[in-house]
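Please follow this account with the sequence and the model side by side.

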Amino acid sequence: MLNPQNAERINRIIKSLETEFGLDDVQATPEPHLTYQLAGVRKLSALNQVLREVARQTVPFPAFTTGLGLFPGPNPVIYIPVLRSEALNRLHQRIIEATRPLCLRTDKFSGPDCWLPHISLALHDTTPELLGPVLQYLNQQTFNLKLAINNLTIMRQEGEQFLPEKVFHFEGHKQDVAPLLF
């Protein structure tokens, strides 16, 4: 999940798209986030355990966004791309490796070769006819953000919404480093 300041900015944009164009399906996940992997798992307790361990060993780091992106189709997705960095790629790979034995199925776009980290602004209720006006509206803003990547979150579907089930804050910066003795 995004830090509160970035989440607030993204939610303002999403709310403005609802006001201006009636686009609100993205609000099914009310917490702005990056998706590392879409998966069904055998045991939630095992997933909690492996993600807790990944988070315990991970130092928070920045990631950056720029521009707008579009996944085309009958219901195009409008998003803010998150630039892949060495740190973000390493974290993604660790998540994939740690969760692989637990997954019943995974999304084909979660693999390292296809993964495109992004923050969704509009999805499911968009149409090709709305793209021009929506992009013209969004084009009045810039989307250069510095994100604090500092947690892993399990999201769970409850009715029509996807809500945070469990948040694991990164703790790698808390690890005691033993002094070097010569």
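Helices α2 and α3 cross in a right-handed sense. In this predicted model, α2 covers residues 44–56 and α3 covers residues 86–99. Two packed helices are described by the angle between their axes and the distance between the axes. Here the axes of α2 and α3 come within 10 Å and cross at roughly 150°. Because angles over 145 degrees count as roughly antiparallel, α2 is roughly antiparallel to α3. The residues that meet are L47, V50, L51 and V54 on the α2 side, and L91, R94, I95, A98 and T99 on the α3 side.

The largest nonpolar core comprises 42 residues. Within that core, the residues with the most contacts are L91, Y36 and I149, together with I10 and L121.

Is T126 buried or exposed? With a relative accessible area of 1%, T126 is buried, because a residue counts as buried under 20%. The side chain of T126 reaches the backbone oxygen of P76 at 2.2 Å. Apart from residues up to four places away in sequence, T126 touches P76 itself, its neighbours P74, N75 and V77, and also L23.

Notes. Residues are numbered from 1 along each chain as its sequence is written. This is a predicted model: local features need pLDDT of at least 70, side-chain atom pairs count only at pLDDT 80 or more; totals for chains, interfaces and linings use all residues. Side-chain values use heavy atoms; hydrogens and water are left out. Buried means under 20% relative accessible area, exposed over 50%, partly exposed in between (1.4 Å probe, protein chains only). A polar contact is a pair of N or O atoms within 3.5 Å; within protein, one must be able to donate a hydrogen and the other to accept it, and residues adjacent in sequence count only if both atoms are side-chain atoms. Contact means heavy atoms within 4.5 Å. A nonpolar core is a set of buried Ala, Val, Leu, Ile, Met, Phe, Trp, Tyr and Cys residues joined through side-chain atoms within 4.5 Å. Axes are lines fitted to C-alpha atoms, for helices over the stretch in contact, and angles run from 0 to 180 degrees between N-to-C directions. Helices (H or I, at least four residues) and strands (E, at least two) are DSSP runs, numbered from the N terminus. Angles under 35 degrees count as roughly parallel, over 145 as roughly antiparallel, 65 to 115 as roughly perpendicular and the rest as oblique. A crossing is left-handed if the near helix is turned anticlockwise from the far one by less than a right angle, and right-handed if clockwise.
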